[in-house]
Amino acid sequence: MGNDVPEQGSTAGPAAEPTAGPTVTTEARLAEARRVSPSAAKALVTVGAVASLASTFLAWTWTPDFPGDLSVTGYPGGNQWITLAVSALLLVALGPAYGVPGLRWLAPRGHVRLLRGLALANLVSTWYVLLAVAIELNGIANWVSGSWVAAIATLLPAAGSFLLADDRHEPARARPLPRWLQVAVVFAAIMLAMLVTEYGITTGYTEEFIGFALAIGFAAWGLNSSGVLARLTDLTAQNRAATSVSALVAALVFVFIQNSDAYNTIADDIVIFATVALGLNIVVGLAGLLDLGYVAFLGVGAYTAALVSGAASSRFHVAYPFWAQLVLGIFVSMVAGVIIGAPTLRLRGDYLAIVTLGFGEIFRIAVNNLNGASGPDLTNGPEGIYGVPDLKLFGYDFGQQHQILGTTFGKFGNYYLLLLVAMAIVVFIFTRVNDSRLGRAWVAIREDETAAEAMGIHGYRFKLLAFGLGASLAGLAGTINAHLLNTVTPDQYNFSASAPPNSAFLLAAVVLGGMGTITGPLLGAALLYLVPYKLQFFNNKQLLLFGLALILMMRFRPEGVVPSRRRQLEFHEDQIAEAEAQQVAAAGTQGQEAGAAA
Amino acid sequence: MTTTTETGAQAAAAGAAGVLEARGVTMRFGGLTAVDGVDLSVGDREIVGLIGPNGAGKTTFFNCLTGLYVPTSGQVRYKGALLPAKPYKVTQAGIARTFQNIRLFANMTVLENVMVGRHSRVKEGLFSAIGRGPRYRAAERDSRENAHELLDFLGIGRHSGSLARNLPYGDQRKLEIARAMASDPGLILLDEPTAGMNPQETRATQEVVFKIRERGLAVVVIEHDMRFIFGLCDRVAVLVQGRKLVEGTPEVVRADERVIAAYLGTPVDGAADDSEGTAS
């Protein structure tokens, strides 16, 4: 960066002062400012990070009225923990900037963006709280000396990191790690991710969640553009078994480290939502069939299980064992999927979407009317089927409290364990099917149906199979959902509502998260559940915000949060194609050279 | 040239042991007759060229053969059996094709593309994909090995891991051929395999087609490059305005004045009537 600074400085220098209007770009001004030496900029970041870390031990306001109590000196509280964590992370990220050995892996693609991301995370989340203090308590007078320290201290790293010239480069070649270390890294990363998620779920008040979300957002951007996430993804891809086991362990640890039924309820809902989203991912992400009525299959599973569960209001006075309910729920959902799919799958694209939307609504309206008055008596109409008993498996009553390893499991904790099993089954099926003759056929149909048929693929049959499989997986989740909620009513299965699961949110979870991947829909489901849940003060404007988020997402990252390789390519074709073509060419010339040498 | 003379005898025997027998294939789109009563027979290990000016109905005829279109009248037999009118069943029966405008699965890897081509020769379904028993693993290994073998056969083995859309143009054409061959067909239909290629690539493609024949396949090629066609084919059929104008050895076709007239745009009157006479 040293050699290009003078010329940029000379062009921007004199003109910049008076007309700081639109003529002078921010870049030029940054270039001007970058005459600050890199070591000074780094020092600025360091000082700021240390100071903001220290400021979390001071009081940020004088009154405990602000949620989380920021008035204690000598101990962080509430949102100060977020600032503390991000400042600490920022100090760690200075490691690669100063070339500290053993920390360079944090920034394979350059440390400046990592610093910028974390500095912004620190700045935005801290300033958000400080402004919230000033606004909610009516006036900046509620700031105390600690607040000023925090406000100024978080500004410094942001300024410092943007004074550093961008050092983004091609990722350095990864040093091969021994197997045990790879597994350890994967495990640690997944546990950390779980802890962060756990913090997000257990945030007690809106300000804490917003501060958390802002910090996470910017930090994730920094980590992503520094290349460390890509490296982690590579590691998980190389250690599939370890990744699965770690994820399962993390999910189990989650229920042990926090154990209130309130948070377990959230976790249950997220897991159900994610499981159904994964099922939809087979239909949408692999086979490319846009299904807007998918929640109906969750409903079919739930109604089937509820009807034969021995519920008081069920028309059938039978109480089948759970496994029979499960088989029946899956089977009936599959039949429903085939019945709905058979006529509609002859359509393509938008037409299919519209027709599935219609069928989804038909399901809801039908069960609403099958009450004996306007149709045969089957589903007890709008009241639904209530009194679905809690599950009992092998003498384990899911409605009772249990002691496991010294931890008390309430109802929702019990169901959480069962739902994890269900989700593991769906993930297992998804991975296996994705990488098989079946998955290839689906992707081929998605890519070019005519060519796929010319390759011997019976397009209609395979689309129907995707539809049926997706429906059965939703039915599986539905049977458990019926017992979890103890009630099944038609209005739980809307096309769109302010809370998931509904068809619109399911599709959004798949698309936002990343089609055709496993982590994508999981992440998408967690985000789409938590954000509206935690921001309930928005009330009826949730959907508006949701729409806005979708638009922004489609504009800036159309391939989803976790892009599958294929998807990423579709949307950022030119950049990636170029890089790959170069790779191929390089490989080609190497091959030729090798050939010539031989 | 040696190949041509060698298969001359085979071409003569083709009538008896025909791989493909198309009789009176007619395709009408409303009032437009795109293909009008075309007969074509392809013998064992024979390379047949199909030429004609733009819009002559060559690709439509291909689509009739492969079940993409159901012919208005006429019938197509493959090794004696009537061909079903569904593309996937035609592939199952043993006819594979490539497309004029490349239709690869652009976002799948090169290897995956070829493995998709193997689809109709593998039976593993949903439950064996989930269970992954020994039979499934054997079938998957077989598809993979077959795909690698074909990629090496066409000389694009080094690309197997990259995405199909990133291949150079000529290699994409080769990949289409590899994908078609993965279904172990007895007959392969190539729709303009050298479109957009430079002379060297065209020559290489010629070699590829000869090598395909050596593997025991019969080939039908649509092409505009006359040098390519005349150097390659045992027999050439000329389609003009949906009708077969001339059929015969490259020498016969090259010498026929009506072919030249058709390409230059002179109206041809009653050409179809005596086309049978010139067929050798």
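Here are some friendly notes on this predicted two-chain model, taken point by point.

1. First, the ground rules. Residues are numbered from 1 along each chain as its sequence is written, while chains are lettered from A and ligands numbered from 1 in the order in which they are written. Since the model is predicted, local features need pLDDT of at least 70 and side-chain atom pairs count only at pLDDT 80 or more, though totals for chains, interfaces and linings use all residues.

2. Chain A has 23 helices and four strands; helices (H or I, at least four residues) and strands (E, at least two) are DSSP runs, numbered from the N terminus. Of its 598 residues, 44% are buried, where buried requires 20 or more other C-beta atoms within 10 Å of the residue's own, exposed 12 or fewer, and partly exposed lies in between, with C-beta atoms placed from the backbone. Taking contacts between residues at least 6 apart in sequence, 75% join residues at least 24 apart; a contact here puts two C-beta atoms, placed from the backbone, within 7 Å.

3. Chain B comes to twelve helices and ten strands. Buried residues make up 47% of its 280 residues. For contacts with a separation of 6 or more, 69% are between residues 24 or more positions apart.

4. Now the interior. A nonpolar core is a set of buried Ala, Val, Leu, Ile, Met, Phe, Trp, Tyr and Cys residues joined through C-beta atoms within 7 Å. The largest has 183 residues, and A:Ala466, B:Leu187, B:Val221 and B:Val238 have the most contacts inside it. Helix 11 (residues 261-286) of chain A gives the most to this core, with 14 residues. A second, separate core of 45 residues includes A:Trp60, A:Val86, A:Ala107 and A:Val112.

5. Look also at B:Val238: beyond its neighbours within four places in sequence, its contacts include B:Ile51, B:Gly52, B:Leu245 and B:Ala262.

6. Between the chains, 33 residues of chain B are in contact with 32 residues of chain A. On the chain B side, helix 3 (87-93), helix 4 (110-117) and helix 5 (126-131) each supply at least two residues. By class, that side has 13 nonpolar, twelve polar and eight charged residues; Ala, Val, Leu, Ile, Met, Phe, Trp, Tyr, Cys and Pro count as nonpolar, Asp, Glu, Lys and Arg as charged, and the others, Gly among them, as polar.

7. Chain B is divided into domain 1 (1-94 + 185-280) and domain 2 (100-184), with bounds from an automatic or database domain assignment. Here 14 residues of domain 1 of chain B touch eleven residues of domain 2 of chain B. Helix 3 of chain B gives the most to the domain 1 side, with three residues. That side has seven nonpolar, four polar and three charged residues.

8. One helix pair is worth a look. In helix 4 of chain B, B:Val110, B:Asn113, B:Val114, B:Val116 and B:Gly117 meet B:Leu175, B:Ala178, B:Arg179 and B:Ala180 in helix 7 of chain B. The residues of this contact divide into six nonpolar, two polar and one charged.

9. B:Glu247 is found in strand 10 (residues 243-248) of chain B. B:Glu247 and B:Val236 are eleven residues apart in sequence and 5.6 Å apart in space, C-alpha to C-alpha.
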